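Dear colleague,

Please find the structure below, which I am handing over to you together with some notes on what was found in it.

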Amino acid sequence: MKVSFENPDKINGLLTITVEEDDYKNDVEKELKEYRKRANIPGFRPGKAPMGMIKRQFEPSAKMDAINKVLNDELQKYIADNKIQMLGEPLASDKQEPQDLEKPAPYTFMFDIAVAPEFNIELSDKDTVDYYEITVDDALVDKQVDMFANRLGGYVDVDDYQENDMLKGDIRELDEKGNTKEGGLTIEAAVLMPNYLKNDDQKKLFEGAKKGDIITFNPSKAYDGNEVQISSLLKIEKDQVANYQGDFSFQITGIQRFQKHAVDQELFDQTFGKDAVKDEKEFRSKIAEGLKEQLVRDSDYKFLLDVRKYAEDKIGQLTYPDALLKRVMKQGSKEKDEKKLNEMIDKNYEASLKELNWSLIRNKLSEQTGIKVNDDDVKEAARETARIQFAQYGMSNVPEEYINNYADELLKKRENAQGFVDRAIDVKLSDALKKVVKLNKKEISLDDFNKMMGE
């Protein structure tokens, strides 16, 4: 077997492999013997068919399989041994000439290889990168306390209406004289929140209302003709809404007001576990600790974004084998329509290069800092995602068993795997680079940080 590699411009590679008969002969013979054992040919007992007959029927496919295996193995070996940083997969070259496998070897196969551009990037304490330290102040802790109190809060009965209260009552259709319409629409135990009415004049009708009051209002005007909301209130189909444009009465049978949970031992226990916190001071302190941990992750994420921008500016514009990369993208796409495929690639190509840039930079920085990720790191990235998702539902004290089980479920989905690997690399790389570069530390409030990230 002969292998040669041409790479004159450093990014468009041509790998040529010449396969001789000795490279695949033994594999073909071995496969034909296996075919013979399995072949069920009329007139012959299993495994007793003449080898000549087996060769006539199965040798071409066995030969093709053997040559493909030799090519794949040699491709991977050559690329690994010669440390070629290949982008995507090898593609059959446009220079490839048809090979007639019915003729004797040798056979020549040519592959186009997209090669990553060469560049150097090393960071040191001579490189300065901003690092934003998000402050945890009393106002931020207050917001968290309110959030926990709201999650455990509930509605209580009151006698008079205030903004955001929920009204319960009976709705009856009125005639043109303002009397209850005989045979008209009646909805018992209806629920209405005046604060969500779209018409301000209709909303004002409920100001200062008390339990037992009867309010005359117009649902069609109140919701500005929104069929979904009107049909939901009146318990009718949307196509019937046009039949109910007049006034209705609403007799208030109950008023309920949302009340936050008291900042007491029950709130402490529900938030952090029984007896984990003894008083409000400890409660606020534990909230602050949790916020600091969370905000460090946010600061690290921003830091890595800034490192990325700094490194990209430092290495400048990289040159890629554009035509070849677009062919690689085409091969990996499921889109069958050629026109749509070309449009999609043209639209997304520049964004794809930016991500490829960062991937190559991140790999070099990982090599520089000596970081490696293992299965435990990837599992921890999945566990962190699980914690965040539980926290979004107000579950801040979830047992580790549940965290681990949910993380295992996330990892079972193949589409998640690379994301968790990347996240694990990012965590380690951020920690490592904070010790390498000079940090320009800046204190910032969470509101200002979020505003900055939004921009």
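The secondary structure of this protein comes to 14 helices and 11 strands. Please keep in mind throughout that this is a predicted model.

To begin with the overall form, the radius of gyration is 35 Å, whereas the globule rule gives 23 Å for 455 residues, so the protein is more spread out than a compact globule. The C-alpha atoms fill a box of roughly 100 × 70 × 45 Å, when the box is taken along the principal axes. Of the 455 residues, 35% count as buried, and the protein exposes about 28,300 Å², of which carbon and sulfur atoms supply 46%. If you take the contacts between residues at least 6 apart in sequence, 72% of them join residues that are at least 24 apart.

Next come the aromatic rings, of which the structure holds 13 pairs. In general, a pair of aromatic rings is described by the distance of the centres and the angle of the planes. For Phe-148 and Phe-272 the ring centres are 6.3 Å apart and the planes stand at 65°, so this pair is edge-to-face, given that angles over 60 degrees count as such.

Phe-206 lies in the loop between helix H4 (200-204) and strand S9 (214-217), while Phe-217 lies in strand S9, so the pair ties together parts that are 11 residues apart in sequence. Phe-206 is buried, with a relative accessible area of 0%, and Phe-217 is buried with 1%. Returning to Phe-148 and Phe-272, you will find that they form one aromatic cluster together with Phe-268 and Phe-283.

The charged end of Lys-326 sits over the ring of Tyr-349, at 5.0 Å from its centre, and the charged end of Lys-364 sits over the ring of Phe-119, at 5.1 Å from its centre.

Turning to the salt bridges, the count comes to 33. Which side chains does Arg-308 meet in this way? One of them is Glu-312, at 3.1 Å from N to O, and another is Glu-355, again at 3.1 Å from N to O. Arg-308 and Glu-312 are 4 residues apart in helix H8 (residues 280-315), and are therefore separated by about one helical turn; both of these residues are buried. The bridge to Glu-355, by contrast, links distant parts of the chain, because Arg-308 is in helix H8 and Glu-355 is in helix H10 (residues 338-369), 47 residues apart. Arg-308 has a relative accessible area of 15% and is buried, whereas Glu-355, at 46% relative accessibility, counts as partly exposed.

Another salt bridge joins the side chains of Lys-428 and Asp-377, at 2.9 Å from N to O. This pair, too, links distant parts of the chain, with Lys-428 in helix H13 (residues 414-434) and Asp-377 in helix H11 (residues 375-392), 51 residues apart. Lys-428 counts as partly exposed, at 28% relative accessibility.

Finally, it is worth looking at Ala-149, which is found in helix H3. Is Ala-149 buried or exposed? At 3% relative accessibility, Ala-149 counts as buried. Leaving aside residues up to four places away in sequence, Ala-149 touches Lys-260, His-261 and Leu-267. Ala-149 and Asp-300 are 151 residues apart in sequence, and their C-alpha atoms are 29 Å apart in space.

With kind regards

How values were computed: Residues numbered from 1 in each chain as written. Predicted model: local features only at pLDDT ≥ 70, side-chain atom pairs only at ≥ 80, totals over all residues. Heavy atoms only, no water. Phe/Tyr/Trp six-rings, centres within 6.5 Å; stacked < 30°, edge-to-face > 60°. Helix = DSSP H or I, 4+ residues; strand = E, 2+ residues; numbered from the N terminus. Buried < 20%, exposed > 50% of the residue type's maximum accessible area, 1.4 Å probe, protein only. Lys NZ or Arg CZ within 6 Å of the ring centre and 35° of its normal. Rg over C-alpha atoms; globule rule 2.2 N^0.38 Å. Contact = heavy atoms within 4.5 Å. Areas by Shrake-Rupley, 256 points an atom, 1.4 Å probe, with all protein chains shown as cover. Salt bridge = Lys/Arg side-chain N within 4 Å of Asp/Glu carboxyl O.
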